[in-house]
Amino acid sequence: MDYFAQQLINGLVLGSIYGLIAIGYTMVYGIVGMINFAHGDVFMIGGFIALISFLVLVSIGLTAVPVILLIVLLVAMAITALYGWTIERIAYRPLRHSFRLAPMLSAIGMSFVLTNFSQVSQGARVKPVPPIVTGGYTLHEGESGFVVQLSNIQIVVVITTIVLLGLFTWLVSRTRLGRDMRACEQDQTMAALLGVDVDRTISMTFVIGAALAAVAGMMYLLYYGLVDFFMGFVAGIKAFTAAVLGGIGSLPGAMLGGLAIGLIETFWSAYFSVEYKDVAAFSILIVVLIFMPTGLLGRPEVEKV
Amino acid sequence: MSASHPASSNGSEPVGAAFILKKAFLSALVALGLFSLMIGVRTEAGQSGQLEYWTRFGDLASLVAAVFVGSIIVELLRLWLGPRGGLGSFVPPSVQSGLSIAGRYLAPALLIFTFLVPVIFYNQRYILDLGILVLTYVMLGWGLNVVVGLAGLLDLGYVAFYAVGAYSYGLLSTTFGLSFWICLPLAGILAAFWGVLLGFPVLRLRGDYLAIVTLAFGEIIRLVLINWQDVTGGPNGVSGIPRPTLFGIPLTPGEGGLAAMLGIPFSPTHRIVFLFYLILALALLTNWVTIRLRRLPIGRAWEALREDEVACRALGINITTTKLTAFATGAMFGGFAGAFFATRQGFISPESFTFQESALVLAIVVLGGMGSQLGVALAALAMIGGFELFRSLEVYRMLVFGLAMVLIMIWRPRGIVGHRAPTVFLEKSKSISSDLVKEGHG
């Protein structure tokens, strides 16, 4: 039971990270109708920028951890958002009315560019950081000596995720930008006719998605204490799985799917085998797409001729 | 500077030097933001495991300057070539017709040259090896072309079938001692079987979803190969895979070898030349089968499926068999190529079957122009040859590869060499008068 509780906590934390990335996939798919294959690499870039800004801040003599975390968060979000904007501008916007495989292939190319860009600029070796947020609480101590722990970093990850999700939900449901986004999702031509700047709205979608991916990258860095240039690929596919599981195009679905994937992966590793945890995640993707293509909260797609 | 430019005066839009400079300045500013931390600061784990960093502001400055200058050049080029900007408007028609005539003779010329490569470069092992590599990718490209180019199903996990073929031969030959010529068809059949296995569940999926599922499938195969250590040897792979024989005659020195039977002195080059012609034959087989299939009803159905799935279904084409045969055929050729890869290397490990490999083959098909056989061959030559040319720039070549993929999608989404239009189509639209189709008139 204790073991189960501990895995539940771990799974929820991992799921929060996946959920944050999944929102980027689902938003872009909802509006542009393409899979932003490079999104996993945007997450990786976010992790790197968090790492570098953290290093720079520490070396100039800043010691207050909350201040450092806040600055790192803002810097990572800002610069990664710029990456998201640039990628959309360079690789996707010219292809918006091209043939249907073109954006996907361009996105794969962009994914290679980002992966190898960070390999070239920062080296191929894994970058470890010392634990930044330490300590935690012991929730329960079993008779066998197994301790259920909730570490501070796990609290930070979950709270940051919740706060950002609240902010994000407010943005989509209450602001002008959110209304534009929902309008573009339904009908771009009609939205344009009614005075919505479609190009700008799509750009902002990428910017927001990239900013959330940057948060996920930073949380990953804090939680696992390392980043490397290749981490975006697998994390990206898993987050995409989460988006599909939750119903692509649905924002609460992305978060729900993220949590589900995080839990499934953690429990699979804990009770079955660590080696096959990625196989489990990928298999879920295939099974969901075959038997439940609309996901948990998605709307059925109407086939237009 | 550009205000005095002759092109700027006849442009319809008022594009002046100020506009170009402003745009270049903004691009440089964005580049500064993008690269400030990633290029300006370099991190590395030090001796004690502690991360260290140092700054590279010089690199940052030169990169930002390069973006500034590049942006100006791009804007000027855009002015020059007009708003369409394509090369098509740039090339005069006489040159274009000349190109098309050259294109007609290009394929036979290339084929003859390929046949002569082992003769011309007999003493240059490096070129022969490179030729074998290029031909392997030509074959993979032609195989994937059936799935992506003809049937229009975006397959990101093609390397899985390559792996199935390679491991089929590797395991069957090392475990049961079967020869290459028995294993080759077996590898093809097994790969085709896996193709159908993948094809069944994804029948209902379209476009992007299909791509992601095939990608996941490819990764699953790779992960199983890594982790199922009892059978596949895990990350260590399978080694000691037998070399191919000329229908039972080994290409070895000493008694019973081919050289001894023919009474000529043995040379290790014989095997390379043999491998060269083997893969050439396999590739040509792929090409021949594809061209023949394209003229059969199934090939027509593939092309129709690529153009419009809904219309296909409305016309009574069986989507299930059409998709499954496309997957199976493509996978079978992948399996053949895999078996060849295993026998050439003598050693296989999961490392050879990563997503990068799938993306490379896909890029060959896409850049060559989907559905065009000649285009795929040329693209394979250009890509693999290009990779070899920039061998010293190991880390940069994938970066350039990715950039090239993006740029080509923007510039010519249908491929550089050109794509193959459907083999059959109505020459002109005919109007049928209503009394011909009235009831009682047939």
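Me: Is helix H1(A) enclosed or uncovered in this predicted model, and how many of its residues are buried?
Reply: Happy to start there, with the reminder that the model is predicted. H1(A) has 31 residues, and it is largely enclosed by the rest of the structure because the buried ones number 22.

Me: What distance separates the end C-alpha atoms of helix H1 of chain A?
Reply: The helix covers residues 2-32 of chain A. At 1.5 Å a residue, its 31 residues should span 45 Å. The model agrees with that expectation, since the end C-alpha atoms are apart by 45 Å.

Me: Which residue follows H1(A), and what is its phi?
Reply: Good place to look next. The residue after H1(A) is A:Gly33. Its phi is positive, near 75°.

Me: How much of the annotated span 12-35 of chain A is helix?
Reply: The unreviewed UniProt entry lists residues 12-35 of chain A among those it annotates as "transmembrane region". In the model, the end C-alpha atoms of that span lie 25 Å apart.

Me: How many residues of H4(A) are buried?
Reply: Helix H4 takes in residues 102-122 of chain A, and its 21 residues should span 30 Å at 1.5 Å a residue, which agrees with the 30 Å between its end C-alpha atoms. Just after H4(A) comes A:Gly123, with a positive phi of about 85°. H4(A) is largely enclosed by the rest of the structure, because of its 21 residues the number buried is 19.

Me: Now for a strand: how many residues of E2(A) are buried?
Reply: Strand E2 of chain A covers residues 136-141. This strand is hardly covered: among its 6 residues, the count of buried ones is 0.

Me: Which residue of E3(A) stands opposite A:Tyr137?
Reply: E2(A) is joined to strand E3 (residues 147-151) of chain A by 5 bridges, and the two run antiparallel. Their hairpin has 5 residues between the strands, and A:Gly145 there takes a positive phi near 95°. Opposite A:Tyr137 stands A:Leu150.

Me: Which residue in the turn between E1(B) and E2(B) has a positive phi?
Reply: In chain B, E1(B) and E2(B) pair in the antiparallel sense over 5 bridges. Across that pairing, B:Glu44 stands opposite B:Glu52 in E2(B). The two strands form a hairpin with 5 residues between them, and the turn residue with a positive phi, about 85°, is B:Gly49.

Me: Which element gives the largest share of the side of chain B that touches chain A?
Reply: The contact draws 54 residues from chain A and 45 residues from chain B. On the chain B side, elements that each supply at least two residues include helix H2 (17-38), strand E1 (41-45), strand E2 (51-55) and helix H8 (207-227). By class, that side has 35 nonpolar, 6 polar and 4 charged residues. The largest share, 13 residues, comes from H8(B).

Me: How far apart do the C-alpha centres of the two domains of chain B lie?
Reply: Chain B holds 17 helices and 6 strands. Of its 442 residues, 38% count as buried. The chain is divided into domain 1 (6-81) and domain 2 (116-411). Between the C-alpha centres of these domains the distance is 40 Å.

Me: Is B:Ser349 buried, exposed or partly exposed?
Reply: B:Ser349 lies in the loop between strand E6 (347-348) and H15 of chain B. Leaving aside neighbours within four places in sequence, B:Ser349 is in contact with B:Pro235, B:Asn236 and B:Gly237. Being buried takes 20 or more other C-beta atoms within 10 Å. B:Ser349 has 19, so this residue counts as partly exposed.

Me: How far is B:Leu367 from B:Leu378, C-alpha to C-alpha?
Reply: B:Leu367 is found in helix H15 of chain B. It counts as buried because it has 25 C-beta neighbours inside 10 Å. B:Leu378 is 11 residues away along the chain, and the C-alpha separation is 9.3 Å.

How values were computed: Residues are numbered from 1 along each chain as its sequence is written. Chains are lettered from A and ligands numbered from 1 in the order in which they are written. This is a predicted model: local features need pLDDT of at least 70, side-chain atom pairs count only at pLDDT 80 or more; totals for chains, interfaces and linings use all residues. Two residues are in contact if their C-beta atoms, placed from the backbone, lie within 7 Å. Helices (H or I, at least four residues) and strands (E, at least two) are DSSP runs, numbered from the N terminus. Ala, Val, Leu, Ile, Met, Phe, Trp, Tyr, Cys and Pro count as nonpolar, Asp, Glu, Lys and Arg as charged, and the others, Gly among them, as polar. A residue is buried if 20 or more other C-beta atoms lie within 10 Å of its own, exposed if 12 or fewer, and partly exposed in between; C-beta atoms are placed from the backbone. UniProt positions are given in the numbering used here, feature names are shortened, and annotations may be inferred rather than shown by experiment. The expected span of a helix is 1.5 Å times one less than its number of residues. Domain bounds come from an automatic or database domain assignment. Two strands pair if DSSP finds at least two bridges between them.
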